[in-house]
Amino acid sequence: MTANGPAPATVSQTWQMLDYLATDYAGAVRDGQVLSASEFAEMREFAGTVRQRIAQLPPGTATPALQAQATRLAQAIDAKASTGEVASQAHALADALLAAYPVPTAPAQVPDLAHGATLYRQNCAACHGAGGHGDGPAGRALDPPPIDFTDRTRADQRSALSLFEAISQGVKGTAMAGYANRLPVEERWSLAYYVGTLAYAAEARDGAQAWQHSATARARLDNLDELSRARVAQLAPVLGERQARSILGYLRAHPDAMPRSASGLVLARERLAASLAAHQHGDAAEAQRLALSAYLDGVEPVEPQLDARDAALRAQLETAMGAYRSAVAGRETEAEVLARQHAADALLQRAQATLAGGAADAASTFLGAWTILVREGLEALLVVVALLAFLRKAERPAMLRYVHLGWSLALLAGLATWAVASYAVAISGAGRELTEGLSSLFAAAVLMCVGLWMHRKSVGGRWQSYLKAKMAATLDRSAWFLFGLAFISVYREVFETILFYVAMWNEGPRAWLLAGIGVGAVTLAAIAWVLLRTSRRLPLGKFFSASSALIALLAFVLTGKGIAALQEAGWIGVHAAPLPRIELLGIYPTWQSVSAQLAVALVLAVGYALNLRRTAGPS
């Protein structure tokens, strides 16, 4: 959410106005001509009210974009723009509003259509008619007349959520009163779903078969929230108008027919197929959204299991999914996009077969647990050891506690984050990748500065005068900097490592998993002991020089990993490069990650060269 705290009550009302604009504008303007002056005036009034209410919402990062969209919508209505343009802008603004200020958009349980029919007869038929044609006896004298729910042109623009909001709040300027205080929320949803079937009774008869045979529809409508917000006009460009009406009519009449949401690699394949279909129908934004979801919601949650079974396949799959996202977002030909999709889908099928091969054996579980801990922990260990060795060389033992406090709290914070993500609030795949990516780039930037500073002190004997004149004051001021660097270096590894182990806990022999973790911890402790012992024997100048090289290497590695994580989160594009994938060095076969690492290497090279040129200068 872009604004803190719960969404204001006006959000639902503003959303309803936008939905009403998208649906009823066709009755006010056609082909640039005003059909009804009163309807056109109402459209302009609603557009102005929407702008005013959005301006009054709590400010957030999305506020400027929402205000700009609201202004463009009002201008389009003033200019008597086409029905399609106004409907598209209104729906886009409505979706953006809900993304910025989330409110409930789906029933908590499957609606009861039989009860919805009973509620309709009791509360709606008198005005709207028994069949929903707007011809009820009580409605004949109303101005404007009751809505004809069987009007497909109008119904195509409406979702079950639209009908729920109208039932709850009423419709301004009509005899339609709100039922929020008369009917419980579950009954209003049942009534909305029932009303949403009235325009599609004929098409819905074939809906069951169409639903079962359309992977694209199943990928788009995989939960009640998606179904409640779906409109025929939204689905028709990809599914075709008749099939969209058939499937949506069927699902509204039988919401219990929706299978349990697909997950894992099954979900990834469905969304990958839906992404290709959207791309082939010219919907680039939807194709990109589904491609990203295929990875974040389908592949990313099962990466730990796949990595434990076949790390090379997991790496290939990551690269292929990234290449496909790049293809649908770029200017590649239809044939190239299709080839990328087929390549990614083939790897997904291989991954499915790999994960379906039964529980992991003892040897693979042990080696996987050991490898994960050593691989993920080594980078953090090197940073912490470098800080500890530096402080001991500087004869500042009192400062060691800040480093120890940093890494120990990072372990606790990682455990707490996992607990919150598992039992309280679901952290999305994008959220995990963003956390890893941003923390990696932050740590890389800090390490790059530290590396340049250490190198400067390592040349020309500057370390001696520095330690004598400035060390005490500088370290006192930098205590919390040391804590922060230790914390961020360890925390970024802990959460991902825990996720790997949680997945493996459900996969293979637990005793061998714990053994692998134990041996991995001993391995890291031995590496730390060797590094600390070696650093004590190094002359101070050589220590500074070696430490600066090590820290520069870590900055290079973390830069590559940070860019790769942001690519997986969809923040940065993916353009494949003909390079090997070397995760230990943070090298990934994409031009974005390699370019960022080359930039870091160039900055470090220039900085080191300047340090050498200034050797004769004052410290």
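Cys127 counts as partly exposed, at 27% relative accessibility, in this model, which is predicted. Its sulfur lies 8.6 Å from the closest cysteine sulfur, that of Cys124, which is too far for a bond. Cys124, for its part, counts as buried, with a relative accessibility of 13%. The structure as a whole holds zero disulfides, and Cys124 accordingly takes part in none, the nearest cysteine sulfur being that of Cys127, 8.6 Å away. Because a disulfide requires two cysteine sulfur atoms within 2.5 Å, the separation of 8.6 Å between the sulfurs of Cys127 and Cys124 is too far for a bond.

The surface also carries a patch of positive charge, in which Arg392, Arg533, Arg536 and Arg537 gather. Helix α27, which spans residues 510-537, supplies the largest share of this positive patch, namely three residues. Arg537 has its place in helix α27, and this arginine is exposed, with a relative accessible area of 63%.

Helix α22, covering residues 400-423, gives the most to the nonpolar patch, with four residues, whereas Trp480 has its place in helix α26, which covers residues 479-505. Trp480 counts as exposed, at 56% relative accessibility.

The table sets out the accessibility of the residues discussed here.

| Residue | Relative accessible area | Class |
|---|---|---|
| Cys124 | 13% | buried |
| Cys127 | 27% | partly exposed |
| Trp480 | 56% | exposed |
| Arg537 | 63% | exposed |

Key
Residues numbered from 1 in each chain as written. Predicted model: local features only at pLDDT ≥ 70, side-chain atom pairs only at ≥ 80, totals over all residues. Heavy atoms only, no water. Patch = residues over 30% accessible without salt bridge, like charges linked within 9 Å, V, L, I, M, F, W, Y side chains within 5 Å. Areas by Shrake-Rupley, 256 points an atom, 1.4 Å probe, with all protein chains shown as cover. Salt bridge = Lys/Arg side-chain N within 4 Å of Asp/Glu carboxyl O. Lys, Arg positive; Asp, Glu negative; His and termini not counted. Charge placed at Lys NZ, Arg CZ, Asp CG, Glu CD. Helix = DSSP H or I, 4+ residues; strand = E, 2+ residues; numbered from the N terminus. Buried < 20%, exposed > 50% of the residue type's maximum accessible area, 1.4 Å probe, protein only.
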